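The following briefing sets out selected features of one protein model. It moves from overall dimensions to individual sites.

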Amino acid sequence: APVGSRRKGYEEIVVQDLSLNPMVTLYRRERWLTPDGETIIAKLNPGIVGGYGPNLHRLILSLHFSGQMTCERIVVLLNGMGVVISKRQVVRLLTARLERFRSEDEAVLNAGLSSAPYVTVDDTGARHAGEPGYTTQIGSHSFTAFRTGPSKSRLAFLSRLLGGTAFYVINDAALQYMQGRKLSQIVINKLAGHGQRSFSSLDHWQRHLSGLGLTELKLAPDPVVIASEAALWGAIYQQGLLQDAVIVSDDAGQFRVGVHALCWVHAERLIHKLVPANDKQRNAIEVARRMVWWFYRALKEYKLAPSPVQAQALRARFDRIFKRGRTGYATLDRLLRRLWRRKDELLRVLDYPQIPLNTNASENDIRAFVTKRKISGGTVSDKGRDNRDVMLGLAKTCMKLGIPFYHYLGSRLGTDAPEIPPLANLIRTAPA
């Protein structure tokens with residue numbers, strides 16, 4: 001300091017930095033020839049995969065699934081740092097140890113469906129092996145799971161709730177499902193009166209339906225489809241899944257099972273999408289949207305302090321909004337009456353204040369999947385499809401549980417990262 005300056009203490013600054021340097025190790029492994037002619041070699045560290053260590057494996061998984069980097073860009077980055085690796089080797093590391101992650105992903109879905117007070121669901125397109133497909137998102141405040149298949153029917157959705165297993169059970173829950181779907185009582189009696197109630201495979205179940213003569217019936221609704229949906233729902237209930245949980249959706253037909261609630265944002269969007277022809281119709285739409293959003297804010301306040309008196313008042317207010325009669329715009333009138341007929345599902349929050357009023361969480365979860373699809377396109381192999389679903393679901397679950405995905409990967413791959421307990425245990429103990 002110049003002469004005459006006065007000391008004024010210290011000023012502190014925290015500087016963060018990162019050092020990424022490749023480390024190459026040569027292992028000399030003893031080889032022995034046993035008396036029976038077999039060659040045995042000393043084992044490597046279990047974290048080493050194809051000549052690459054667990055820290056590099058962890059970084060590649062994190063860059064691809066959290067950072068949404070393509071395999072080509074990961075190769076360029078690592079080559080620039082001095083790591084000798086090809087795109088084929090990166091792809092192999094992305095799918096290595098899949099069974100361990102898949103088993104944890106299945107445990108996450110099971111724990112979420114058995115403990116969460118609600119689940120929000122959504123789906124999106126997902127091409128696989130050159131054919132159109134669909135990915136379903138299932139999640140709540142504490143978990144997320146993705147499942148991809150060729151169909152998005154209700155049968156497919158129920159099968160995904162079961163973890164993709166073909167398990168059919170005829171019990172009270174299944175019989176109630178059939179009655180709710182207006183299946184012929186004759187068909188219900190045939191299924192209820194048979195001695196066998198549980199079926200462990202699709203072939204076994206189909207042979208049972210054929211033996212009862214249901215495949216020959218020409219009825220509406222289709223008895224085979226409804227009975228299959230009911231048997232899957234019975235299996236879900238028997239396994240203790242979705243016992244008291246509410247399914248919140250955007251009103252897609254395949255999600256209307258169990259206790260169902262509708263997303264208010266998607267309901268209002270129907271009004272917003274109307275195209276008025278004049279100022280009178282435009283004003284009618286604006287008034288309807290304003291009333292819907294006022295009611296939405298009232299529901300948010302109700303969730304903070306629910307009471308039977310307030311619930312009754314909100315039900316009456318709902319009728320005044322959606323049964324107003326003529327607004328001067330016939331299309332809007334029809335839409336309001338249509339929404340009024342879904343009153344129970346739109347007002348499910350009055351009986352279950354813990355559920356969300358929208359499916360924004362599902363929209364946010366599935367956005368990561370859509371981004372991955374835009375970057376990498378569709379999948380080719382079944383292993384690649386399963387790996388994408390599993391790792392994106394685990395990454396989202398870690399985020400909801402407040403766990404850095406990078407730490408989670410390190411814990412599972414055997415690095416010096418902090419130990420992370422099984423995610424399923426954290427989900428079961430997560431606050432509602």
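Helices (H or I, at least four residues) and strands (E, at least two) are DSSP runs, numbered from the N terminus. By that definition, the protein holds 18 helices and nine strands. The model is predicted: local features need pLDDT of at least 70 and side-chain atom pairs count only at pLDDT 80 or more, whereas totals for chains, interfaces and linings use all residues. Residues are numbered from 1 along each chain as its sequence is written, and side-chain values use heavy atoms, with hydrogens and water left out.

**Overall dimensions and surface**

- The radius of gyration is 28 Å, while a compact globule of 432 residues would have one near 22 Å; the value is taken over C-alpha atoms, and the globule rule is 2.2 Å times the number of residues to the power 0.38.
- Along the principal axes, the C-alpha atoms fill a box of roughly 90 × 80 × 40 Å.
- The accessible surface is about 23700 Å², with 52% belonging to carbon and sulfur atoms; areas come from the Shrake-Rupley method with a 1.4 Å probe, and for residues only the protein chains shown count as cover.
- Of the 432 residues, 45% are buried (under 20% relative accessible area; exposed is over 50%, partly exposed in between; 1.4 Å probe, protein chains only).

**Contacts and helix H10**

- Among contacts (heavy atoms within 4.5 Å) between residues at least 6 apart in sequence, 65% join residues at least 24 apart.
- Helix H10 (residues 264–272) has as its buried residues Trp-264, Val-265, His-266, Ala-267, Glu-268 and Ile-271.
- The cover over these buried residues includes strand E9 (259–262), helix H11 (279–304) and helix H15 (360–376).

- Arg-58 lies in helix H1 (residues 54–66).
- Arg-58 is buried without a salt bridge, and the nearest side chain of opposite charge, Asp-416, is 4.5 Å away; a salt bridge requires a side-chain nitrogen of Lys or Arg within 4 Å of a carboxyl oxygen of Asp or Glu.
- Beyond four places in sequence, the contacts of Arg-58 include Tyr-406, His-407, Leu-413 and Thr-415.
- Thr-415 sits in the loop between helix H17 (405–413) and helix H18 (423–429).
- Thr-415 counts as buried because its relative accessibility is 16%.

**Positive phi values**

- Leu-242, in the loop between helix H9 (223–238) and strand E8 (246–249), has a phi near 55°, a positive value in a residue other than glycine.
- Leu-242 is buried, at a relative accessible area of 4%.
- Asp-251, in the loop between E8 and E9, has a positive phi near 85°.

Technical notes: Lys and Arg count as positive and Asp and Glu as negative; His and the chain ends are not counted.
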